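Morning, everyone. Let's take a quick look at one structure together.

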Amino acid sequence: MVGIDFYIVNNEKEAASSTKYVKFEERVQDYLLARESKGPFELLTGLDQYGDKLFSVQEIKQLVKICDALQTTCRQPTEINLNTRAFAEALKNLCLEALKLNKLVFAAGD
């Protein structure tokens, strides 16, 4: 499945050996892009599906806020909203764990 995988790491090299990750599915990213190309979700919608990004501590905190906003705004009981909310919850938990462990979050495109 095409998408972007988020990992908890100290550096980019650790992502290859990490087994815990959250998948940002292409259809969820496309849905967010269709809703709003720039704005509150830009940290997610601006990711390159074929590139990599290591998030700073400040960006991880922003991701947590974005996840909270997604859980609030995606309220309709449609499949895409349910998938978006599930992704947001999983990513938020991963980000909070990374902050707790004093690690970073790495996004790896397919």
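I'll cover a helix pair, then the cores, then one glycine. Keep in mind that this is a predicted model.

Helices first. H3 runs over residues 57-73, and H4 over residues 79-100. Their axes come within 9 Å and cross at roughly 150°. Angles over 145 degrees count as roughly antiparallel, so H3 is roughly antiparallel to H4. The crossing is left-handed.

What meets what? On the H3 side we have, among others, Val 57, Ile 60, Leu 63, Val 64 and Cys 67. On the H4 side, the residues include Ala 88, Leu 91, Cys 95, Leu 96 and Leu 99. Charged residues take part too, including Lys 61 and Asp 68 from H3, and Arg 85, Glu 89 and Lys 92 from H4. By class, the contact has 11 nonpolar, 2 polar and 5 charged residues.

Now the cores. The largest nonpolar core has 27 residues. Which of them have the most contacts inside it? Phe 6, Leu 44, Phe 55 and Leu 91. Strands E1, E2 and E4 each supply at least two residues, and so do helices H1, H2, H3 and H4.

Take Leu 91. Beyond its sequence neighbours within four places, Leu 91 touches Phe 6, Val 22, Leu 44, Leu 63 and Cys 67.

There is a second, separate core of 5 residues. Val 9, Ala 15, Phe 106 and Ala 108 are among them.

Last, Gly 109, in strand E4. Gly 109 and Ile 4 are 105 residues apart in sequence, yet their C-alphas are 4.4 Å apart. Outside four places in sequence, Gly 109 also contacts Gly 3 and the run of Asp 48, Gln 49, Tyr 50, Gly 51 and Asp 52.

Conventions: Residues are numbered from 1 along each chain as its sequence is written. This is a predicted model: local features need pLDDT of at least 70, side-chain atom pairs count only at pLDDT 80 or more; totals for chains, interfaces and linings use all residues. Side-chain values use heavy atoms; hydrogens and water are left out. Axes are lines fitted to C-alpha atoms, for helices over the stretch in contact, and angles run from 0 to 180 degrees between N-to-C directions. Helices (H or I, at least four residues) and strands (E, at least two) are DSSP runs, numbered from the N terminus. Angles under 35 degrees count as roughly parallel, over 145 as roughly antiparallel, 65 to 115 as roughly perpendicular and the rest as oblique. A crossing is left-handed if the near helix is turned anticlockwise from the far one by less than a right angle, and right-handed if clockwise. Contact means heavy atoms within 4.5 Å. A nonpolar core is a set of buried Ala, Val, Leu, Ile, Met, Phe, Trp, Tyr and Cys residues joined through side-chain atoms within 4.5 Å. Buried means under 20% relative accessible area, exposed over 50%, partly exposed in between (1.4 Å probe, protein chains only).
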